[in-house]
Amino acid sequence: MSVVLPHPVRIHLCNSSIYKFKKHPPPAAAAAVLPPPSIFLMRRDYCPKFSSRRNGLFIARAEDKARGSSSTQPQSDSDNQLEELNPSGTCDPLCSVDETSSEDFEVTTNQAKTDSLKAFAILAAAGTGAVAINHSWVAENQDLAMALLFGLGYAGIIFEESLAFNKSGVGLLMAVSLWVIRSIGAPSTEVAVSELSHASAEVSEIVFFLLGAMTIVEIVDAHQGFKLVTDNITTRKPRTLLWVIGFVTFFLSSVLDNLTSTIVMVSLLRKLVPPSEYRKILGAVVVIAANAGGAWTPIGDVTTTMLWIHGQISTLQTMKDLVIPSIVSLAVPLALMSFTSEVNGKGQDAADVLATEQMAPRGKLVFSVGIGALVFVPVFKSLTGLPPYMGMLLGLGVLWILTDAIHYGESERQRLKVPQALSRIDTQGALFFLGILLSVSSLEAAGILRELANYLDSHIPNIELIASSIGVVSAIIDNVPLVAATMGMYDLTSFPQDSEFWQLVAYCAGTGGSMLIIGSAAGVAFMGMEKIDFFWYFKKVTGFAFAGYAAGIAAYLAVHNLSISVPTTLAEIPFLSGS
């Protein structure tokens, strides 16, 4: 049945109102408008399908399931229905039709004012920027204008949470604005267009590589393929589990990216260990291990991938020279954490709370092909000489055809196919990389990064100290623009491929982010998934991570000075001997 109520009428049927309704029935005039107790008016915000507003009237609809028997049932039955509807004693969906309260009105008004102020600030900033760009001062002081704009945009990225602006949008806006200024200050527009075309070609290689890798990993994860790895973790002894989790994450991150490895391993921890301080420590180990594991392979971290694609490091030499420092940077924190009260003081083994998730059909096949596609990328580059992103796109194409074939005609498994996986990958992360890399390339085209490199060379002649400083700074700000800026500051004529400087940059930028929870994508993911506080991580983990970081640098310098040669059998492998 339907009850039509004029807009000014308010019917409050919360617990207290129900009690008054039963004890003090309304007068006859009001009773003609009010529905009987067996008709329940639902709040629109709880049950939108039961109400609508048309022409200033609220039409409240409810089904009277006892319509045929309501006239014969005693009044006590209706009372019991009303009382049973809300056993918790709080206001339930039995509330007013017009639920707008004074508090809701105030919140809505304040929100509208805040949104208006934000919109005004954005428009004012855009107008100011447009006027400033057209000013002759920008053309005469291009370097200073670009440096100020880059600093302002980078501050927006750092304080993303406080400003409520997504860093991807800030990065794209900063990139376009910087290139506009560059076009004004360049000798001619044709020069700026040529520089932008060259920068776009380099940046697109990294973006295509990341999109392909993220899609492959998403498909494998959708098939629960990583259960082949996680199901083999059977120990529940706290100290042993600490080391197992660390090194499983370490080697998993060397093939996958550190963000994906962190998500997979933290999800595993939720099934292995109940919520506790011990699980937080294990999650911190995952962050340290993911960053350390991604630093010694070309495809393990986006920064090493950037250096590899642009020729600063090669496959074999990087793996040989950085694997020991990376292991040391993980082993030292693990050894120190083993003596903490959270790990050593556990009274009993962790309970086996592993959930029984089923692997999707042909999950083992998809896992094998997906991981094989990732590992095959360096082989493809060595055999064909083509850029790595072509090998990644080749692997994605093979996996795409495979999943279409094995799930043909299975409409209920559409989420296991590539089109659905594309909707779940971190597209905004790829756009963030695009904005940052284009921004840095504009600074490089203007010659600003070269001037900065010359300044550092004249004041800090020690390359080890420069690389180490990059790692420390990467704990505070994103390592992607840091490495991109470093690549623009120093070219291959200053430091050739696989030089000590580039390898230290790869190691320091990859592992330095572990010192703060906001210093890496792995840490940010762990922070969000487990609701970890910044200061908890700083108090419990930062010291251990810094000890591992410093020990890894010492290990690299020791290994590098010893000039350890590659074993003959390993050097004869064709695809490893090249870049």
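## Salt bridges, core and cavity

Student: Where do the side chains of R424 and E218 meet? In what sort of link?

Tutor: In a salt bridge, at 2.8 Å from N to O. Keep in mind that this is a predicted model.

Student: R424 first. What is its relative accessible area?

Tutor: R424 has 35%, and is partly exposed.

Student: And E218, buried or exposed?

Tutor: E218 counts as buried, because its relative accessibility is 18% and the cut-off for buried is under 20%.

Student: How many salt bridges are there in the whole structure?

Tutor: The search finds four. One of them joins the side chains of E530 and R279, at 3.1 Å from N to O.

Student: Which helices does that pair link?

Tutor: E530 is in helix α25 (residues 521-530) and R279 is in helix α13. They are 251 residues apart, so this pair also links distant parts of the chain.

Student: Are those two buried or exposed?

Tutor: E530 is buried, with a relative accessible area of 15%. R279 counts as buried too, at 11%.

Student: What about D321 and K320?

Tutor: Their side chains meet in a salt bridge as well, at 2.8 Å from N to O. D321 is buried, with a relative accessible area of 8%. K320 is buried at 18%.

Student: New topic. How many residues are in the largest nonpolar core?

Tutor: It has 124 residues. Those with the most contacts inside it are I245, M306, L374 and Y537.

Student: Which helix gives the most to this core?

Tutor: Helix α9, residues 189-222, with twelve residues.

Student: Now cavities. How many of 30 Å³ or more?

Tutor: The count comes to one. The largest cavity has a volume of about 50 Å³.

Student: Which residues line the largest cavity?

Tutor: I288, A292, S329, P333, T511, S514, A545, G548 and Y549. I288 and S514 are also among the contacts of Y537.

Student: Which helices supply the lining?

Tutor: α13 (277-294), α15 (315-337) and α27 (542-562) each supply at least two residues. The largest share comes from α27, with three residues.

Student: How does the lining split by class?

Tutor: Five residues are nonpolar and four are polar.

Student: Last one: S254. Where is it found?

Tutor: S254 is in helix α11, residues 238-255. S254 is buried, with a relative accessible area of 8%.

Student: What is S254 in contact with?

Tutor: Beyond its neighbours within four places in sequence, S254 is in contact with G293, W296, T297, I299 and G300.

Conventions:
Residues are numbered from 1 along each chain as its sequence is written. This is a predicted model: local features need pLDDT of at least 70, side-chain atom pairs count only at pLDDT 80 or more; totals for chains, interfaces and linings use all residues. Side-chain values use heavy atoms; hydrogens and water are left out. A nonpolar core is a set of buried Ala, Val, Leu, Ile, Met, Phe, Trp, Tyr and Cys residues joined through side-chain atoms within 4.5 Å. Buried means under 20% relative accessible area, exposed over 50%, partly exposed in between (1.4 Å probe, protein chains only). Helices (H or I, at least four residues) and strands (E, at least two) are DSSP runs, numbered from the N terminus. Contact means heavy atoms within 4.5 Å. On a 1 Å grid over the protein atoms alone, a cavity is a set of points where a 1.4 Å probe fits but cannot get out, and a pocket is an open set with protein on both sides within 12 Å along at least five of seven lines; lining residues have an atom within 4 Å of a point. Grid points are joined across faces, edges and corners, and a volume is the space filled by probe spheres set on the points. Ala, Val, Leu, Ile, Met, Phe, Trp, Tyr, Cys and Pro count as nonpolar, Asp, Glu, Lys and Arg as charged, and the others, Gly among them, as polar.
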